[in-house]
Structures are given as C-alpha cells and as structure tokens.
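Dear colleague,

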Amino acid sequence: MTRTRRRRLLLVMCLLVGLGGACALILIAFRQDMLYFHEPSAIAAGDVPINTRFRVGGLVAAGSVERPGDGLSVQFKISDCTATVPVRYRGTLPDLFREGQGVIAYGKLMADGEFVADRILAKHDSSYMSPDTAQALKAGTSDACLPANRQYSR
Amino acid sequence: MRRVFWAVFRRELAIAGRQRGALVHQLLFFVLIVALFPLGTNTDQTVLIAVAPAVLWMGVLLSVLLSLNGVFRADHEDGTLTQYLLAGEPLAVIALAKMIVHWLASAALLVVAGPVLMLMLGVSLDAWPAMILTLALGTPTLVFVGAIAAALTLRLPRAGLLLGLLVLPLYVPVLIFGAGVVRAAIVGLPYAGAVYIMAALCVLAITLGPWAIAAALRIGLDA
Amino acid sequence: MTSFTMGKSLRRRFHRLGSLPYFYDVSARWAIWLAVPAVVCIAYTVIAGLVLVPPDYQQGDVFRILYIHVPSAWLSLFAYTTMAGAGVVALVWRLKLAEIFIVAAAPVGASFTGLALVTGAIWGEPTWGTYWVWDARLTSELILLFLYLGVIALHQSIASPRTAGRACALLSIVGVINVPIIHYSVVWWTTLHQGATLSLSGGSHMESDMLWPLLAGALGFSCLFGWLTLWGMRVQLLWRERRSRWVMRRIVNG
C-alpha cells in the first residue's frame with residue numbers, strides 16, 4: 001500500500017469511528033427519559049424541588065373541575081393515572097381546557113401539597129376529525145385514562 | 001500526517017504560551033458578563049437561581065465567539081495560512097491541531113470557571129457535576145462549529161458582526177441542551193439523555209468539523 | 001433504444017444543464033409547469049379549508065389555519081434540505097447552477113419559515129393559551145429562520161459571486177444538523193406542540209375529507225416554492241452573467 005493510500009484509509013477510518021460513535025450516543029440518549037415537566041406520580045413520591053417554580057404535566061382528572069367564588073379561579077386535579085395533584089389557578093383558561101385533556105401547569109408546590117399555578121397551557125392531540133366521527137368513536141371507548149397512552153407516549 | 005499534526009500542535013502551543021495575557025482577558029470577560037447580571041437584575045435568590053444556567057451559558061457562548069474572531073487572522077496576515085494550503089498535507093489535520101490548542105488555551109479555563117461562578121449565583125452544589133460535564137462537552141462543539149464561520153469570514157470587513165450572525169444560530173442546540181441539563185439538575189429532573197446528545201454533538205463536531213474548517217478556509221481565502 | 005444510448009442521452013441532458021444560456025431558456029418553460037399546479041392546488045386548499053371541510057371535534061373552526069400552517073412548515077424544512085443537498089453538489093461538482101439555487105431558495109425558504117411561525121402563533125393563542133412558548137419545536141423553527149437569514153447575510157457580504165455561492169453552500173450544509181432536530185423535536189421531547197398527524201409508514205390521524213385539501217396544499221406550496229425559486233435563479237443568473245455575450249444578446253432581442 002502506498003503512503004497516500006494508507007493516509008486516506010486512516011482518515012476515512014477516523015471519520016467512520018467518529019460517525020459511529022455519534023450515532024451510538026444518540027441511540028443511548030433516546031433510551032433515557034427526557035421530560036421538561038414533572039408528572040403527578042413524581043410529586044406523590046416526593047422527588048420534586050421545593051421553593052422553585054416547575055411544570056406539572058398530565059390529564060385533567062374527570063369530574064374534578066370546580067369554580068368556587070367569583071368564577072375566575074378554578075380548582076382541578078391533574079392526573080397521570082397513578083397519582084393526582086390538586087391545582088389552583090386564577091385567570092383565563094385556554095379554549096381546549098376540559099376534563100380528560102392534557103395540560104401543563106407552571107407554578108409552585110405549596111406546603112399543603114396543593115400546586116398553585118400561574119399559567120395553564122393546554123396540549124391538543126394529533127388527531128383531527130369532525131364532531132360526528134368523534135361522537136361515533138366515543139361510544140366505543142369509555143376509559144378516561146386511555147388518551148394518556150397516546151398523548152404522552154415516548 | 002502525524003508529524004504535521006504534532007508540528008502544528010507544538011507551534012500553536014508555543015504561541016498560546018507566549019500570549020498568556022489573552023487567556024486572562026478572556027476569563028475576565030466571562031466573569032464580568034456573569035457578574036454584571038445580578039447587578040442588572042435584583043439580587044433575589046430565586047430569580048438568580050432560575051436564570052443562572054442561561055446566564056452562564058450565554059457567557060460561555062459570547063466568550064468563545066469573541067475568542068474565535070481572530071483565530072485565523074494572525075496566521076493569515078503573516079502568510080502561514082497560505083503555506084498550510086500549499087503544503088500538500090491534509091488541511092483538516094492542521095485545522096484539528098489548531099482548534100484543539102485553541103480549546104485548551106481559551107475554553108478549558110471556562111470549564112473551570114463556570115462552576116465557581118455558578119456557586120456565586122447561589123446554585124446548590126448538587127448541580128456541579130452537570131455544569132462541569134456540559135461545559136466540557138459543549139465548549140469543544142462551540143469552538144469547532146464557530147471556527148467554520150470564522151474561516152468563512154476570514155477576509156471580510158466587519159467580520160465580527162457577521163460572525164455572530166452566522167454562528168449564534170448554530171450554537172442554539174448546545175445552549176438548549178447545556179442550560180437544560182443544568183436546569184434539570186437544579187430541580188432534580190433526569191438529565192442523562194441531553195448529556196448523551198451533547199456528547200454526540202461534540203463527537204460529530206470534532207470528526208466533521210476539521211473538514212468543514214478546511215473547506216471554509218479555502219473559500220474564505222478567496223473572498 | 002439500448003440502455004447504453006439511453007444513459008448517454010440522459011448524461012448529455014444533464015451536462016447541457018451546466019450550460020447557463022440553455023438553462024435560462026428552458027427554465028422559462030418549466031416555470032409555467034410549476035405555476036399552473038401551484039395556483040390550482042392552493043386555490044383548492046383555500047376554498048376547501050375555509051368552506052368544504054367540517055370543523056374539528058375539539059378545536060372547532062380554529063383548526064382551519066392548519067391548511068396554511070402545516071404546508072409552510074413542511075416547506076421550510078424541505079427547502080433547507082434541498083439547499084444543503086445543492087450545497088453538496090456545489091462544493092463537490094462545482095456546479096454553478098447549484099450555487100445559484102441556494103442563493104435563490106434562501107429568501108423563499110425564509111418566507112415559508114416566517115409564515116409557519118406567524119400562523120403557528122395565531123393558532124397557539126386560542127388552543128394552547130399562548131402565542132409563543134419556548135418549547136423545542138417552536139424554538140428550533142425560529143432558529144431555522146435565523147439560519148436562512150444567515151445564508152442571506154453571508155451572500156450579501158461577500159463581493160465575488162462565486163465565492164459567495166460556495167460560502168453559502170458550506171453554511172447550508174453545516175446548518176442542516178438543525179433539520180432533524182426540528183423534525184424529531186416533538187417525538188424526542190414531550191412538548192406542547194402536537195406530534196405528527198401524518199406519517200409515511202403508519203396511518204394518519206385525520207379524516208380523509210380533511211386530509212385531501214392538506215395534501216393538495218403541500219403539493220401547491222411545493223410547486224410555489226419551485227416556481228419562485230426558479231424565477232429567483234433566473235434573476236441571479238442574469239445578474240451574475242450580466243457582462244457575458246449571451247445575456248446581452250437576449251436583452252437586445254427582448
């Protein structure tokens with residue numbers, strides 16, 4: 001093998017090793033959990049920070065939405081099918097906020113275990129259909145926790 | 001090829017050793033950016049902790065960007081760059097040696113200084129490993145990616161402004177993952193996934209970066 | 001015709017594309033073939049999206065903005081990918097047309113990216129409760145806009161057109177790392193932005209009545225991109241070759 005050939009081979013080998021390494025690292029990365037919010041079960045287990053603002057994500061538990069007082073405040077529970085966390089919020093809610101819908105709440109956890117949110121964002125899923133179709137589909141499923149698997153699958 | 005690598009490596013190291021003042025200046029710049037922030041906002045501890053990862057990473061981004069502004073200029077002005085081009089040795093290997101020394105001489109100090117500054121912003125010690133790890137993985141990526149644009153703008157007037165325009169968007173993944181990891185470490189969320197992605201970006205930047213820098217140098221010298 | 005001669009004639013056609021006057025003449029004809037489907041498809045999408053399609057079961061009429069938002073977001077990614085592909089061609093084979101393509105496609109791609117961001121913000125207010133969140137999909141789309149603007153800025157600041165073209169080619173290739181990050185951002189991170197409604201492999205989560213106008217919109221926007229880019233390339237070509245004889249001759253002859 002000539003010198004230039006050997007040199008070229010070495011460079012190509014380095015390139016392949018580098019690319020392979022990067023691919024392997026990305027594959028490992030996808031096996032890890034990547035969350036930008038805490039789930040209610042993490043709050044129940046106690047591994048959330050105190051005195052810091054963080055996000056809670058999950059589904060609005062069915063039948064939990066109450067509007068006490070002047071109608072601007074709202075109380076509800078966020079659930080991830082294993083645990084729930086009570087949330088208090090004052091302000092306008094997005095259109096898509098309803099029971100069974102995925103939401104993300106920004107705020108602080110109080111000492112009594114209640115989460116006081118100053119911002120609520122609603123997540124919509126990736127299916128689009130007309131109301132008639134939705135009605136027909138709804139008749140088939142009744143489990144409130146079912147959409148969670150689709151919305152939060154990762 | 002190995003001989004060329006080590007020759008350039010030693011040359012750059014000697015030059016860096018003679019310009020020790022520049023190293024201190026860059027470190028001072030980084031410390032100043034971070035130190036000015038609490039003075040500009042209020043010194044409320046929760047606010048500072050919330051913005052600490054972003055402030056530290058912005059400081060790193062800007063210091064690396066500034067250090068890259070003149071990375072090829074001296075070599076261009078005294079004709080060394082033209083010699084490299086004509087040498088018949090792979091330009092990518094030369095670029096690799098040059099950028100490794102540049103990282104050692106400038107960015108490595110930031111890796112040490114970052115965690116200390118983080119402590120001054122009131123972040124607890126628990127986030128230290130995350131900060132050191134992300135800085136160690138992120139700064140080489142910043143240096144190699146930034147050098148591509150620095151080589152492209154080598155001979156342009158007002159290159160500094162254009163360099164920022166070209167490079168800062170490319171730095172965003174590092175900023176997002178780097179600051180994200182530190183923030184996750186502060187609030188106790190898992191962050192291993194983002195660290196692996198940063199490692200992948202770092203490996204990619206070191207393997208592909210020198211080739212892109214070499215191509216950019218050839219284009220930049222024509223401009 | 002044997003395969004040998006066919007390959008030869010194909011190759012001749014490819015080589016003829018390297019001839020700039022030939023491209024200038026033939027691209028005027030291609031432009032019509034892109035313009036007609038673009039106008040027809042986009043008109044159908046707008047009418048169908050506003051009138052024919054039923055409202056969504058959850059979002060009601062708000063979702064109709066999807067027919068502009070989704071195609072422009074697709075095109076913003078597609079345009080950048082083609083620019084990076086052209087960048088490889090420009091640097092490896094030194095094809096002038098590829099450089100011109102990058103320069104002409106960048107403003108068009110930037111416009112689609114801006115359109116996707118603006119329509120996304122308008123859509124986000126009523127559905128999510130906010131115009132803008134700094135989540136992965138939105139942020140990386142914004143970065144894509146800055147990448148486009150960077151290519152345009154670099155092209156403007158280098159005087160020699162050949163060098164500017166090659167510099168832009170290299171920058172597009174380096175920036176393409178952002179495209180998979182945008183594309184997979186909704187899969188990798190659980191963000192506010194929804195996952196993909198359509199996928200090539202799996203079934204789509206969309207009724208066919210709603211789906212067809214969207215696909216027509218994607219086709220129409222793609223043709224629009226091709227059309228606008230082609231005209232941009234022709235303008236670039238005239239400017240670059242303004243001192244050459246073939247341009248003079250075409251100007252004199254009208």
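**Findings**

Leu34(C) lies in helix H2 (residues 20-52) of chain C; helices here are DSSP runs of H or I with at least four residues and strands are runs of E with at least two, numbered from the N terminus. The model is a predicted one, in which local features need pLDDT of at least 70 and side-chain atom pairs count only at pLDDT 80 or more, while totals for chains, interfaces and linings use all residues. Residues are numbered from 1 along each chain as its sequence is written, and chains are lettered from A and ligands numbered from 1 in the order in which they are written.

**Chain C**

Leu34(C) counts as buried because it has 20 C-beta neighbours inside 10 Å. The term buried requires 20 or more other C-beta atoms within 10 Å of the residue's own, exposed means 12 or fewer, and partly exposed lies in between, with C-beta atoms placed from the backbone. Beyond its neighbours within four places in sequence, Leu34(C) is in contact with Cys223(C), Gly226(C), Trp227(C) and Leu230(C); contact means that the C-beta atoms, placed from the backbone, lie within 7 Å. From Val176(C), 142 residues apart along the chain, Leu34(C) is separated by 26 Å between C-alpha atoms.

Chain C as a whole has nine helices and zero strands. Of its 254 residues, 41% are buried. Among the contacts in chain C with a separation of 6 or more, 78% are between residues 24 or more positions apart.

**Chains B and C together**

In the contact between these two chains, 19 residues of chain C meet 17 residues of chain B. On the side of chain C that touches chain B, helix H5 (136-157) and helix H6 (161-175) of chain C are the elements that give two or more residues. H5(C) provides the largest share, eight residues. By class, this side has twelve nonpolar, six polar and one charged residues, where Ala, Val, Leu, Ile, Met, Phe, Trp, Tyr, Cys and Pro count as nonpolar, Asp, Glu, Lys and Arg as charged, and the others, Gly among them, as polar.

The largest nonpolar core has 149 residues, of which Ile148(B), Ala151(B), Leu152(B), Ala216(B), Ile102(C) and Leu170(C) touch the most other members. Such a core is a set of buried Ala, Val, Leu, Ile, Met, Phe, Trp, Tyr and Cys residues joined through C-beta atoms within 7 Å. Helix H9 (residues 192-222) of chain B contributes the largest share of this core, 21 residues. Apart from this core lies another, of 22 residues, including Val56(A), Phe76(A), Tyr89(A) and Ile120(A).

Helix H7 (residues 128-152) of chain B is mostly covered, with 20 of its 25 residues buried.

**Chain A**

Chain A has four helices and five strands, and buried residues make up 25% of its 154 residues. The five strands close into a barrel in the order S1-S2-S3-S5-S4 (chain A), with mixed pairing; two strands pair if DSSP finds at least two bridges between them. Strand S1 (residues 54-60) of chain A pairs with strand S4 (residues 102-109) of chain A in the antiparallel sense over six bridges. Val56(A) has Ala105(A) in S4(A) as its bridge partner. Of the contacts in chain A with a separation of 6 or more, 47% are between residues 24 or more positions apart.

Yours sincerely
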